[in-house]
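Subject: Structure for you to look at, with notes

Dear colleague,

Please find the structure below, followed by my notes on what was found in it. I would be glad if you could read the two side by side.

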Amino acid sequence: TVKEGEAIFFRKNKWKEVGNMDLEMRRCFSKDSLAPGGAHQHLAQFLARPCNAELARIVSTKLTTVAQISCLVPTPTAATGDGAVHTPRRGVVVVNTHLFFHPGASHIRLLLLSAILTEVKEARSRWERETGAELAIVFAGDFNSEPDTGAIEFVASGQVSKVHPEWLAAAGFAWGDGDPQEDASAPESVEETSDAATTLLQTSHPSAELPPSFTGKQGGMSLGEDHRRQAAAAGAEREEHGVDLMHNLALASADAFESSFTNYVQGYIGCLDYIFYEANMLGVSQVVPLPQEKEVAPTALPSERFPSDHLSLCCDLHWLPVLPATLHHPDGTHASSTQPVPKEHGTQQGGAGGGVGGRRGGAAEGLAARYPGRLKDRIRLPHPASPHLIHKAVCALQAGMLVAVPTDTVYGLCAAADNAQGVARLFEVKGRSKCKAIAVCLASVDEIGTFGDTAGLPAGLLEALLPGPMTILLKRMPSAPVCEALTAGLDTFG
């Protein structure tokens, strides 16, 4: 039996399929594909690194992810309306996929998307030569990635850096790693529960540098010197685990990343599904609004009204108008051609259009403008507490944002102790008097001496009391790496 599948449907009286391919993704990472001259040779050196041996094994032998690619051109009647036979001038390449999911495998989705877009570009070029039509790309499906993840940043902006925090955050992933969210009733270890205390209220831009306090897949956050030394040594490691990925397609999200969620189930609420379109050839006429949270919250998904755990995304796309352009050939002759001219509606996220002499020639100029677009303005629902989301919490804290973490009693708001912007925001959100100091949480007892004077304490006292439900008040060390506002001008540290 097949639990999940993919399909592309089209009206045969409107469209004619002139080409299709089912892309088995693990073939993209075979020896032939990675060899010199292969379609994906740019990934060969990265996957050959010893630290990526397990990743290479997974993507080349374990994945069952596929992508469907179909080339459609209007039927003669649909294209002209007069019933005459004409060569179609335009068509679409429709791409559909359902990406592999594990909360700790965001790096795999990045590689899959890079491979898919490489294959799509090659197939589009071949079909354009065969049909003589200009083909626009529409890429849709279940990406199993939130809008602020590296996967979506890559698709919409055209690039993701080798030092993107998700490369290192996912580096420890191995095939067979369990997902604690798959079985909500499965007990978690004490260590897992402690590490999972990362429910975000806000997140920073995903391309933010990994802060010095990040120490790995299950690492915590601290401001101690030990962690600073570890972070200095981790710079090269970040580059080893990552690879620069780029593409020059002007892809934009049909909903401009305004949807709060497309998946709403017990234990998880998030936006995982997308319709991307090539913004220098197509525009969005309308997007069917998704239901609000109050409509799905009483029963979650699926329900009688919404029979899937994912909501359906629907939009109408239109061709952008074309104007004559002049093509300059190497032999000095000229030829008249056409190019789409992007209008405001077609590039709602600031997308770029083709320059003179080619509809896709200038596509890269405005890629960054479409992402993050209006991402910061979208209504965000809290992320589930998960060790796989720690890197998001770290990035948020480093950017001066706040994070809500579960404690032994209630959820508490926290900021990075050495970030003045974050501490100021914490006082403001809590409505706390600036005359009242805020306690600091550290990763280990060993770091307390960096912040407070422990010289007069009996040996073993701190280890006996912590971790535990109490705050230790000490004389603040002059070199304590915290902003002044945190201690409210006092010479003590808690």
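Does arginine 27 count as buried or exposed? With a relative accessibility of 57%, arginine 27 counts as exposed, where exposed means over 50% relative accessible area, buried means under 20%, and partly exposed lies in between (1.4 Å probe, protein chains only).

Before the rest, a word on the basis: this is a predicted model, in which local features need pLDDT of at least 70 and side-chain atom pairs count only at pLDDT 80 or more, while totals for chains, interfaces and linings use all residues. Residues are numbered from 1 along each chain as its sequence is written, and side-chain values use heavy atoms, with hydrogens and water left out.

Salt bridges

A search of the whole structure gives nine salt bridges, a salt bridge being a side-chain nitrogen of Lys or Arg within 4 Å of a carboxyl oxygen of Asp or Glu. One of them joins arginine 27 to glutamate 24, with the closest N and O atoms 3.0 Å apart; glutamate 24 is partly exposed, its relative accessible area being 25%. Glu24 and Arg27 also belong, together with Arg26, to a network of salt bridges.

Another salt bridge pairs glutamate 278 with arginine 124, and here the closest N and O atoms are 3.1 Å apart. Because glutamate 278 lies in strand 11 (residues 273-278) and arginine 124 in helix 5 (residues 106-131), the pair ties together parts that are 154 residues apart in sequence; helices (H or I, at least four residues) and strands (E, at least two) are DSSP runs numbered from the N terminus. Glutamate 278 is buried, at 1% relative accessible area, and arginine 124 is buried as well, at 3%.

In a further salt bridge, arginine 476 meets glutamate 484 with the closest N and O atoms 3.7 Å apart; arginine 476 counts as buried at 17% relative accessibility, whereas glutamate 484 is exposed at 51%.

A loop and a hairpin

Proline 478 sits in the loop between strand 18 (474-475) and strand 19 (492-493), and counts as exposed at 81% relative accessibility. From C-alpha to C-alpha, proline 478 is 9.6 Å from aspartate 453, although the two are 25 residues apart in sequence.

Strand 16 (residues 403-406) and strand 17 (residues 411-414) run antiparallel and are joined by four bridges, two strands being paired if DSSP finds at least two bridges between them. These strands form a hairpin with four residues between them, and within the pairing valine 405 stands opposite glycine 412 of strand 17.
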